[in-house]
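Here are some notes to read alongside the model. Have the structure open as you go through them.

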Amino acid sequence: MNLPGHFLVSSLTLLLAVTLTANACLPSDRAALLSFRAALNEPYLDIFNTWSGEECCTNWYGVSCDPETKRVADIILRGESEDPIFAKAGRAGYMTGSISPALCQLDQLTTLIIADWKDISGEIPACIASLPNLRIIDLIGNKISGEIPADIGKLSRLTVLNLADNQITGSIPSSIVNLNNLKHLELGNNKLTGEIPSDIGKLSMMSRALLSRNQLSGSIPSSIANIYRLADLDLSVNQITGWIPAELGSMPVLSTLNLDANQLSGEIPIDILSNTGLNILNLSRNSLEGNLPDVFGPNTYFTTIDLSYNNLKGSIPKSLSLTKYIGHLDLSHNHLCGAIPVGSPFDHLEADSFANNDCLCGMPLSNVC
Ligand SMILES: *[C@@H]1O[C@H](CO)[C@@H](O)[C@H](O)[C@H]1NC(C)=O
């Protein structure tokens, strides 16, 4: 072997070694991923068959790393997505197993998405509350049980907490109000009990709070109205009691308010009905009473207003017929009486919208006034 040839070979070897090291992830990150993977079973798509070799940052399905530090930053495993892997298999994702606490060794993790795999069970490892960089936790659509880690509030960078469509029990941890970067809180369709923390209004960045279909009780904290950016509030299908806080009516960007199927009582605050930013309002199936205030006008624009199955009495306010638009109105199953207003927002409504009241009359009902 002459010198230049030898030199070339060793240079190539060196280059190869440097390239390998550059793409390889930290051995401890790789080991943590393999333990995480070992607790899961994905029988149909073989997504984990890429999880071998040293280069977990580049080649492993659903894993990506910080480009500078090469530390594992994101785990994004969605069981329902546009990825061709699903079209090829002709089915949505399905996984059993559980989320291993080995995940917590990935101490630079910022995104954890393990969504819509339908059958992942077990508990959320409590240690995830000690991953200081976590910004997104999305575990929607599995069978995760147990409680939300009590010190979840330590995740000061968290912007998304989505645990919807699982089997999570216990109450909403009081520490949750410390998540001062939280934008989306989605806990719907679980088995949560207890009250909504009274100081939930501290979540000043929150734009979406979806807590429907649980067994939450107690009253609606009026501090919610302090959440300036809140656009979408869904507390429907729980066991919430008490009055609707009038303050909700003066929230600047609230556009969807779903409080249906609870045990709310008292009157509907005037400001909620006159809030022209609100487009979707469902207060159906509560015990709301009193008259409907005459506060509608040309700036009122509702895609949906459902007040059915309450104890509302009196007549339908005439000003409702002056509104800009009402897509869907349901006043059925109350104790309303008198003539149904006429006007363009009412022309497309059908008798169902007014059925089962005490003595409503006029179109679209068949009884003449
Ligand atoms: C309003 O809520 C009730 C009760 O949860 C539900 O049955 C109804 O479909 C909702 N209305 C609309 C228009 O979505």
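1. First, the ground rules. This is a predicted model, where local features need pLDDT of at least 70, side-chain atom pairs count only at pLDDT 80 or more, and totals for chains, interfaces and linings use all residues. Residues are numbered from 1 along each chain as its sequence is written.

2. An unreviewed UniProt entry lists residues 27-66 as "domain: Leucine-rich repeat-containing N-terminal plant-type"; such annotations may be inferred rather than shown by experiment. That stretch is 30% helix and 12% strand, with its end C-alpha atoms 15 Å apart. Helices (H or I, at least four residues) and strands (E, at least two) are DSSP runs, numbered from the N terminus.

3. Have a look at helix H2, residues 27-38. Its twelve residues reach 16 Å from first C-alpha to last, close to the 16 Å expected at 1.5 Å a residue (1.5 Å times one less than the number of residues). Asp 29, Arg 30, Ala 32, Leu 33 and Phe 36 are buried in H2. The buried residues fall within an arc of 160 degrees seen down the axis of H2, so they line one face of the helix (the arc is taken from the directions from the axis to the C-beta atoms). Pro 27 and Ala 38, on the other side of H2, are exposed. Buried means 20 or more other C-beta atoms within 10 Å of a residue's own, exposed means 12 or fewer, and partly exposed is in between, with C-beta atoms placed from the backbone.

4. What do the buried residues of H2 pack against? They pack against strand E2 (63-65) and strand E3 (72-78).

5. The largest nonpolar core has 91 residues, and Val 72, Ile 114, Leu 134 and Leu 230 have the most contacts inside it. Such a core is a set of buried Ala, Val, Leu, Ile, Met, Phe, Trp, Tyr and Cys residues joined through C-beta atoms within 7 Å. H2, E2 and E3 are among the elements that each supply at least two residues of this core.

6. Pro 173 is in the loop between strand E7 (160-162) and strand E8 (184-186). Pro 173 is partly exposed, with 18 other C-beta atoms within 10 Å.

7. Finally, six strands form an open sheet in the order E11-E13-E15-E17-E19-E20, with parallel pairing (two strands pair if DSSP finds at least two bridges between them). Strands E11 (241-242) and E20 (359-361) stand at the edges with a single partner strand each, so one side of each is left without a neighbour in the sheet.

Definitions and conventions. Two residues are in contact if their C-beta atoms, placed from the backbone, lie within 7 Å.
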